[in-house]
Amino acid sequence: MGWLFLLLGVMAEATSHVALRATNGFTNLLPSSIVILGHLLAFLFLGQAMRSLPVGIVHAMWAGMAIVLVTAMSSIIYKQHLDAKVWLGMVVVAIGIAIINLSGAPHSH
């Protein structure tokens with residue numbers, strides 16, 4: 001269940017980060033609500049993930065997956081053009097995430 005909570009936390013945070021651009025300084029109610037709810041849900045899910053996964057693994061996975069997901073979502077939603085170097089960096093982050101998963105690191109406290 002820890003991995004599911006981690007994934008849900010990453011998705012909630014990435015959604016809130018992408019919605020942050022549309023808040024217009026928190027003057028638009030719907031995107032502002034998405035940002036606040038997304039962050040709240042992210043921390044609730046991440047707290048649950050840390051019940052069964054090591055903090056370092058959760059944090060590394062959360063940060064890496066959020067970087068990749070926010071970048072991909074902002075490219076699609078806001079049509080932000082990213083050059084090949086940025087996407088290469090995303091691939092490096094994804095490879096790092098895969099290495100962490102394949103490392104045999106302990107998955108419980």
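Predicted model: local features only at pLDDT ≥ 70, side-chain atom pairs only at ≥ 80, totals over all residues.
Lys-79 is found in the loop between H3 and H4, where helices (H or I, at least four residues) are DSSP runs numbered from the N terminus. The phi of Lys-79 is near 55°, a positive value in a residue other than glycine. Most residues other than glycine have a negative phi. Lys-79 is also exposed, with a relative accessible area of 67%; exposed means over 50%, buried under 20% and partly exposed in between, with a 1.4 Å probe and protein chains only.

Residues are numbered from 1 along each chain as its sequence is written, and side-chain values use heavy atoms, with hydrogens and water left out.

Phe-26, which is not a glycine, has a positive phi of about 60°. Phe-26 lies in the loop between H1 and H2 and counts as partly exposed, at 46% relative accessibility.

I turn now to the aromatic side chains. How many aromatic pairs does a search of the whole structure find? The search finds two, where rings of Phe, Tyr and Trp (its six-membered ring) pair if their centres lie within 6.5 Å, with planes under 30 degrees apart counted as stacked, over 60 as edge-to-face and the rest as tilted. Phe-5 and Phe-45 form a stacked pair, at 6.2 Å centre to centre and 25° between the planes. Phe-5 lies in helix H1 (residues 2-20) and Phe-45 in helix H2 (residues 29-49), so this pair ties together parts that are 40 residues apart in sequence.

Phe-43 and Trp-62 form an edge-to-face pair, with 5.8 Å centre to centre and 80° between the planes. Because Phe-43 lies in helix H2 and Trp-62 in helix H3 (residues 55-77), the pair ties together parts that are 19 residues apart in sequence.

Finally, Ile-95 is found in helix H4 (residues 84-102) and counts as partly exposed at 46% relative accessibility.

Notes
Helix = DSSP H or I, 4+ residues; strand = E, 2+ residues; numbered from the N terminus.
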